[in-house]
Amino acid sequence: MLMDKEIFRGAEAVISKTDFFGLKSIKKSRKPKNYRNKILDERIRSKRFLQEIRMNHRLKLIGIRTPIIYFADEKNNEIIMEEIKGENLQKIKNSRRKKAFLRKLGNAVGLMHSNDLIHGDLTLNNVLAGKKDLYIIDLGLGFESGKLEEKSVDFLNLKKELNDKELKELINGYKTFKGYKKVLEQVKKIENRARYMNH
Ligand SMILES: Nc1ncnc2c1ncn2[C@@H]1O[C@H](COP(=O)(O)OP(=O)(O)O)[C@@H](O)[C@H]1O
Ligand SMILES: [Mg+2]
């Protein structure tokens, strides 16, 4: 085994490049958080680890790309997966390319929501753009729900990161979901609620 090379350290996980029997791969390790109670921390990390794997597969089943999981080590809370060649959507500078991917993302989120799958942490960082294909990652906070509120919060998370033109592309893609209008209405309500609370 070659040495791992750390490429990202987030609030929750460390991401490294690794070699898995000759396959260039990504390793995601959720490290213990010492400020949290040990038992509670273990429970939280283990739940997210399992949800990430479950949701990764569920998305595949409905036709959304996610990295192939090669190996999962529950004891060490490590997932070894396919390395997606590309960048996350936040890093895309070319606005035409970004808009094209936002439309694809709208499609993908619509498909998830029509299947009652909620991402739970839908941000541009958690979407990877390959050559042509879009991949959804970081599914540890994902879950299943038919609730309008959950879908709306998912959508609103993304909306916060977009300018008007970008949002339009996202919505155009999202329109493939039958319930899209209700979600957009609920998003407005949540935004108004937040505005009211801030005064
Ligand atoms: N399979 C992968 N292929 C390529 N890059 C990845 C992969 N998984 C994660 N990354 C990179 O690492 C970053 C953090 O990964 P993520 O799963 O979102 O961890 P965190 O839970 O810490 O946010 C992503 O934004 C992406 O740039
Ligand atoms: Mg992330």
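**View 1. Contacts of L105 in the predicted model.** In this predicted model, L105 touches V127, L134, L170 and G173, leaving out residues up to four places away in sequence. L105 is one of the buried residues of helix 2. Along with A108, V109 and V127, L105 touches the most other members of the largest nonpolar core.

**View 2. The largest nonpolar core.** The core holds 28 residues. Two or more residues come from each of helix 1 (38-61), helix 2 (95-114), strand 7 (117-118), strand 8 (127-129), strand 9 (134-136), helix 3 (148-159), helix 4 (164-174) and helix 5 (180-197). Helix 2 gives the most, with 6 residues. Nonpolar side chains tend to be buried together in soluble globular proteins.

**View 3. Helix 2 from end to end.** Helix 2 has 20 residues, and at 1.5 Å a residue it should span 28 Å. The buried residues of helix 2 are K98, F101, L102, L105, G106, A108, V109, G110, M112 and H113. In an α-helix, residues three or four places apart point the same way, because there are 3.6 residues a turn. Just after helix 2, D116 takes a positive phi of about 60 degrees.

View 4. The chain is divided into domain 1 (5-82) and domain 2 (87-197). Their centres, taken over C-alpha atoms, are separated by 22 Å. Contact involves 14 residues of domain 1 and 15 residues of domain 2. On the domain 1 side, the touching residues divide into 6 nonpolar, 4 polar and 4 charged.

**View 5. The shell around ligand 1.** How many residues surround ligand 1? The shell has 18 residues, and the closest are G10, A13, P67, I84 and D138. Strand 2 (13-20), strand 3 (23-30) and strand 5 (78-82) are the elements that give two or more residues. By type, the shell divides into 9 nonpolar, 4 polar and 5 charged residues. Domain 1 and domain 2 each supply at least three residues to this shell.

View 6. Is A13 buried or exposed? A13 counts as buried because 22 C-beta neighbours lie inside 10 Å, against a cut-off of 20 or more. Leaving aside neighbours within four places in sequence, A13 is in contact with K28, S29 and R30. A13 and I39 are 26 residues apart in sequence, and their C-alpha atoms are 18 Å apart in space.

**View 7. Positive phi in two loops.** Most residues other than glycine have a negative phi. F21 has a positive phi, near 45 degrees. F21 lies in the loop between strand 2 and strand 3. With 9 other C-beta atoms within 10 Å, F21 is exposed. N77 also has a positive phi, near 50 degrees. N77 lies in the loop between strand 4 (69-73) and strand 5. N77 is partly exposed, with 19 other C-beta atoms within 10 Å.

Terms used: Residues numbered from 1 in each chain as written. Chains lettered and ligands numbered in written order. Predicted model: local features only at pLDDT ≥ 70, side-chain atom pairs only at ≥ 80, totals over all residues. Near = placed C-beta within 6 Å. Helix = DSSP H or I, 4+ residues; strand = E, 2+ residues; numbered from the N terminus. Nonpolar A, V, L, I, M, F, W, Y, C, P; charged D, E, K, R; others polar. Domains from an automatic or database assignment. Buried ≥ 20, exposed ≤ 12 C-beta atoms within 10 Å, placed from the backbone. Core = buried A, V, L, I, M, F, W, Y, C linked by C-beta atoms within 7 Å. Contact = placed C-beta atoms within 7 Å. Expected span 1.5 Å × (residues − 1).
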